[in-house]
Amino acid sequence: MIWQTISRTFDLTHRALIMGVLNVTADSFSDGGQFADVESAVAHGRRLAEEGAEIIDIGGESTRPGAQPVSEADELRRVLPVIQRLSNFCISIDTMKPAVAHAALAAGAEIVNDVTGLRDSAMREVVRASGAGAIAMHMQGTPRDMQHAPHYGDVTTEIRDFFRQTFTACLACGIDSMRLAFDPGIGFGKTLAHNLALVRNLDSMRVGGRPLVLGVSRKSFIGKALGSAAVEDRAWPTVALTSYGRAHGANVFRVHDARPNAEALRMTEAILNPEVAA
């Protein structure tokens with residue numbers, strides 16, 4: 001399984017990737033404000049890479065439930081200096097705005113991580129024209145309202161159908177299939193039951209032989225399942241979900257804590273692929 005970005009080719013056949021989260025925001029749900037200035041953001045990005053993240057996912061607009069949108073100018077002001085300083089790493093830009101994606105790619109990013117699922121034809125054109133890698137994530141609603149009353153007939157079937165429709169739309173506009181990956185959007189317009197069903201059925205979600213991205217790190221559904229509201233109680237359950245997700249077909253893991261999740265991946269892969277470990 002090959003996933004291509006602007007200048008890199010990842011072989012995900014036997015080895016999954018860690019995508020480290022770098023929120024250059026004031027209001028992200030678990031680390032808002034910690035890396036809002038350029039120097040602390042760059043230092044954290046380098047630390048994520050040292051601890052095993054092969055992709056650094058940089059976002060300048062919070063998408064937590066209830067988050068308010070930020071202007072294009074503010075988002076660019078937050079992310080561009082950090083991308084430029086970290087451009088020797090594989091950088092993903094986490095944005096919903098085609099203009100921000102375009103500018104980020106020009107500054108050195110290689111992947112567009114779009115929580116709105118590449119629905120916007122302008123975003124698809126940015127991906128096509130640049131040759132960037134792209135992650136199409138499913139979200140029901142918007143960050144402001146997605147958790148008000150999420151509803152599905154069958155969440156797994158509906159999101160798989162969304163992936164198929166997105167895959168078809170991307171191919172129709174000329175995007176190379178090798179650039180695409182898909183994320184079921186855990187926590188984005190889903191209840192606890194929806195999230196658990198998606199994790200349980202990961203291996204049935206793949207379309208077109210493309211990579212699956214799993215982003216569960218520190219999310220509130222973990223606290224709901226465990227009966228704890230403390231964000232710090234979600235770190236080790238995230239590691240458990242990384243190992244489970246790897247065993248059930250996920251290929252890229254978007255996490256806040258790179259080292260323990262990278263170690264969980266490598267241990268799980270040694271069990272799954274003894275010939276590789278040897």
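**Entry 1: ground rules.** I am working from a predicted model. I number residues from 1 along each chain, as the sequence is written.

**Entry 2: α2 and α3.** I began with helix α2, residues 72-85, and helix α3, residues 98-107. At what angle do they pack? I found about 20°, with the axes 10 Å apart. Angles under 35 degrees count as roughly parallel, and α2 and α3 are therefore roughly parallel to each other. I noted the crossing of α2 and α3 as right-handed.

Next I looked up the residues that meet. From α2 I listed Glu72, Glu75, Leu76, Leu80, Ile83 and Gln84. Facing them in α3 I listed Ala99, Val100, Ala103, Ala104 and Ala107. By class, I have 8 nonpolar, 1 polar and 2 charged residues in this contact.

**Entry 3: α8 and α9.** I moved on to helix α8, residues 235-247, and helix α9, residues 258-272. Their axes come within 9 Å and cross at roughly 30°. That makes α8 roughly parallel to α9. Which hand does the crossing of α8 and α9 have, left or right? I logged it as right-handed.

On the α8 side, I wrote down Trp236, Thr238, Val239, Thr242, Ser243, Arg246 and Ala247. On the α9 side, these meet Pro260, Asn261, Ala264, Leu265, Thr268, Glu269 and Leu272. I sorted the residues of the α8 contact with α9 into 7 nonpolar, 5 polar and 2 charged.

**Entry 4: aromatic pairs.** How many aromatic pairs does the structure hold? I have 4. One of them joins Trp3 and Phe10. Their ring centres lie 6.4 Å apart, and with 40° between the planes the pair is tilted.

Are these two residues buried or exposed? Buried means under 20% relative accessible area. Trp3 has 0% relative accessibility, so I count Trp3 as buried. Phe10 has a relative accessible area of 11%, so I count Phe10 as buried.

I then checked Phe162 and Phe163, which also form a tilted pair. I have 6.1 Å centre to centre and 50° between the planes for them. Both Phe162 and Phe163 are buried.

Technical notes
Predicted model: local features only at pLDDT ≥ 70, side-chain atom pairs only at ≥ 80, totals over all residues. Heavy atoms only, no water. Axes fitted to C-alpha atoms, helices over the stretch in contact; angles between N-to-C directions. Helix = DSSP H or I, 4+ residues; strand = E, 2+ residues; numbered from the N terminus. Parallel < 35°, antiparallel > 145°, perpendicular 65-115°, else oblique. Left-handed = near helix turned anticlockwise from the far one by under 90°. Contact = heavy atoms within 4.5 Å. Nonpolar A, V, L, I, M, F, W, Y, C, P; charged D, E, K, R; others polar. Phe/Tyr/Trp six-rings, centres within 6.5 Å; stacked < 30°, edge-to-face > 60°. Buried < 20%, exposed > 50% of the residue type's maximum accessible area, 1.4 Å probe, protein only.
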